[in-house]
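User: Could you go through this structure with me, contact by contact? I would like to start with a single residue and then move on to the ligands.
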Amino acid sequence: MTNRVVVGAQWGDEGKAKITDLLAENADLIIRYQGGCNAGHTVVAHNKTFKFHLIPSGILYKGKTCFIGNGTVVLPEYFQQEIEGLKKENIDISGLKVSPLASITMPWHTEVDGYSEDNATKGKIGTTKKGIGPTYTDKMQRIGLKIGDLYSPEALSEKLDVILPVKNKQLKELYNLKTYTKEEVLDLCKKYAEIFRPFVCHEWQDMLRDAKRENKTILFEGAQGVMLDVDFGTYPFVTSSNPVGGGACTGSGYGPKVIDEVIGVAKAYVTRVGEGPFVTELTDETGKKIQDIGHEFGVTTGRPRRCGWFDAVTMKYSCLVGGLTSVALTKIDVFDTFDEIKICTAYKDKRNGKTYTSYPEDVFIHKYLEPVYETHKGWGVNISDIRKYEDLPENCRKYIERLEQILETPISIISVGPDREQTIFRTNL
Ligand code: GDP
Ligand code: IMO
Ligand code: MG
């Protein structure tokens, strides 16, 4: 029994779902602890590609409990769509459960997200427009609805009497958007109650207690990534939750001592979707080559992902604040045809020559920073069929071992392709 958290170590889309799916085989309880349908998670298994947004990536194995935890935000219609998709694929969803404490994304949340993004003249974030920020804002402002409220007419009615006057004033005066009557919202909530009824787990406390008592293996699945964390990421160009390892506790109901390991998933390069600083971004042919070979287009929005060389400065930071005990390095096969591969080991301030080897939290100076690179030789062979570490070409191993040395964190998993089988385990996980 080793309980693990899978965390994105960069700006999301690192291949977390592939790693979660792999580790889920030996887990009993898989908990998605934050985020919502802003996530786009891809698993390739049985020659098929599955895309998940809210549903934990462990769902492909029968007999597992997949729990959507209290730290998440759930857009009911999207959740329903995802369920229907899984049913069509004949995937057993009998183990799927949702926390009554998870927050509901209401129509006004997506409307406000869309409005804010479309009308931003300055400070655009480039969100997924799935209502994530506005839902978490209302949760923190204590004017949000939780899934459990849908089954308590009294709580729902009392809450709406508080929420709606505030919300309607905001919608009308700040955004010039449609307002809502209590009847309309109660009707919506009736519909939502039916969507969640088969999945809402009112007995979640017993479920968590039993799993702990019976030494079940628990796997915590993070969405997004450390650099998108609302506390530690490139704020304000971040999401609105805590993808870091610590988020697994506040988003699940388990304390820190339940967790044995935190695996940070990182690509052998870096990508980012949406706005925000990105010191190693490549806007040239090399960036385009990474994007083409790595198929770097968003799962949720289809947007092209910005690409750049591996940034060891942010990754070192990510190892610290993400609480990583090891790293899963993915997509290293993308470099098979590259003559040279670079690692950014420091940033240099163009204005004064100041060098940073630790991540500078003031993201507004990042535009003045240029990457300091060390260059490694490529390996020039296809590694996607290799399954043993010692069979990897020497230059590939050198690159991996150099990263390990800089990060002072072991690289426990190496992924050489999207498929489950295309994986090299360096330790017995
Ligand atoms: P997530 O959001 O972190 O789960 O990652 P995404 O699913 O958004 O993006 C990762 C993409 O890379 C998916 O299309 C995966 O199938 C693919 N992928 C994962 N690992 C590897 C790998 O080692 N090599 C290659 N070539 N593709 C991979
Ligand atoms: P997975 O789990 C990559 C980015 C958005 C935007 C910022 C805020 O697949 O790694 P939001 O809609 O969350 O308010 O947008 O965060 N973003 C992601 N980028 N992968 C994701 O999820 C992301 N989820 C949000 O592009 O820059
Ligand atoms: Mg993704």
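User: Is Thr 280 buried or exposed?
Analyst: Bearing in mind that this is a predicted model, Thr 280 counts as buried, because its relative accessibility is 1% and the limit for that class is under 20%.

User: Where in the chain is Thr 280, and what lies 2.8 Å from a polar atom of its side chain?
Analyst: Thr 280 sits in the loop that runs between strand 11 (270–272) and helix 9 (285–293). The atom found 2.8 Å from a polar atom of the Thr 280 side chain is the backbone oxygen of Trp 309.

User: On to ligand 2, then. Which residues come nearest to ligand 2?
Analyst: There are 21 residues around ligand 2, and those that come nearest are Asp 13, Lys 16, His 41, Thr 128 and Thr 239. Sorted by class, this shell is made up of 8 nonpolar, 10 polar and 3 charged residues.

User: What lies 2.7 Å from an oxygen atom of ligand 2?
Analyst: That is an N or O atom in the side chain of Lys 16. Asn 38 also takes part through its side chain, with a polar atom 2.9 Å from an oxygen atom of ligand 2, whereas Val 273 contributes a polar backbone atom, which is 3.1 Å from a ligand 2 oxygen.

User: And how much of ligand 2 does the protein bury?
Analyst: The protein buries 97% of the 550 Å² that ligand 2 exposes when taken alone.

User: Which polar side-chain atom lies 2.5 Å from an oxygen atom of ligand 1?
Analyst: It belongs to Thr 42. On its own ligand 1 has 590 Å² of accessible area, of which the protein covers 91%.

User: Changing topic to charges: how many salt bridges does the structure hold?
Analyst: The structure holds 26 salt bridges. One of them is formed by Glu 117 and Lys 124, whose closest N and O atoms are 3.7 Å apart.

User: Are those two side chains buried or exposed?
Analyst: They fall into separate classes, because Glu 117 has a relative accessibility of 6% and counts as buried, while Lys 124, at 34%, counts as partly exposed.

User: What about Asp 149, which residue does it form a salt bridge with?
Analyst: Asp 149 forms a salt bridge with Lys 159, and their closest N and O atoms are 2.7 Å apart. The two residues are 10 apart in the chain, with Asp 149 in the loop between helix 4 (132–141) and helix 5 (153–174) and Lys 159 in helix 5. Asp 149 counts as buried at 10% relative accessibility, and Lys 159 counts as partly exposed at 29%.

User: Now cysteines. How many disulfides does a search of the whole structure find?
Analyst: The search finds 0 disulfides. Cys 66 is in no disulfide, its nearest cysteine sulfur being that of Cys 201 at 13 Å, and Cys 66 counts as buried at 1% relative accessibility.

User: Why is Cys 396 too far for a bond?
Analyst: Because the closest cysteine sulfur, in Cys 319, is 19 Å from the sulfur of Cys 396, whereas a disulfide needs the two sulfur atoms within 2.5 Å. Cys 396 counts as buried, with a relative accessibility of 0%.

User: Last one: where does Lys 62 lie, and is it buried or exposed?
Analyst: Lys 62 lies in the loop between strand 4 (48–52) and strand 5 (65–68), and it counts as exposed at 68% relative accessibility. Between Lys 62 and Ala 24 the C-alpha to C-alpha distance is 11 Å, and the two are 38 residues apart in sequence.

Terms used: Residues numbered from 1 in each chain as written. Chains lettered and ligands numbered in written order. Predicted model: local features only at pLDDT ≥ 70, side-chain atom pairs only at ≥ 80, totals over all residues. Heavy atoms only, no water. Near = heavy atom within 4 Å. Polar contact = N/O pair within 3.5 Å; in protein donor to acceptor, adjacent residues only side chain to side chain. Areas by Shrake-Rupley, 256 points an atom, 1.4 Å probe, with all protein chains shown as cover. Nonpolar A, V, L, I, M, F, W, Y, C, P; charged D, E, K, R; others polar. Salt bridge = Lys/Arg side-chain N within 4 Å of Asp/Glu carboxyl O. Buried < 20%, exposed > 50% of the residue type's maximum accessible area, 1.4 Å probe, protein only. Helix = DSSP H or I, 4+ residues; strand = E, 2+ residues; numbered from the N terminus.
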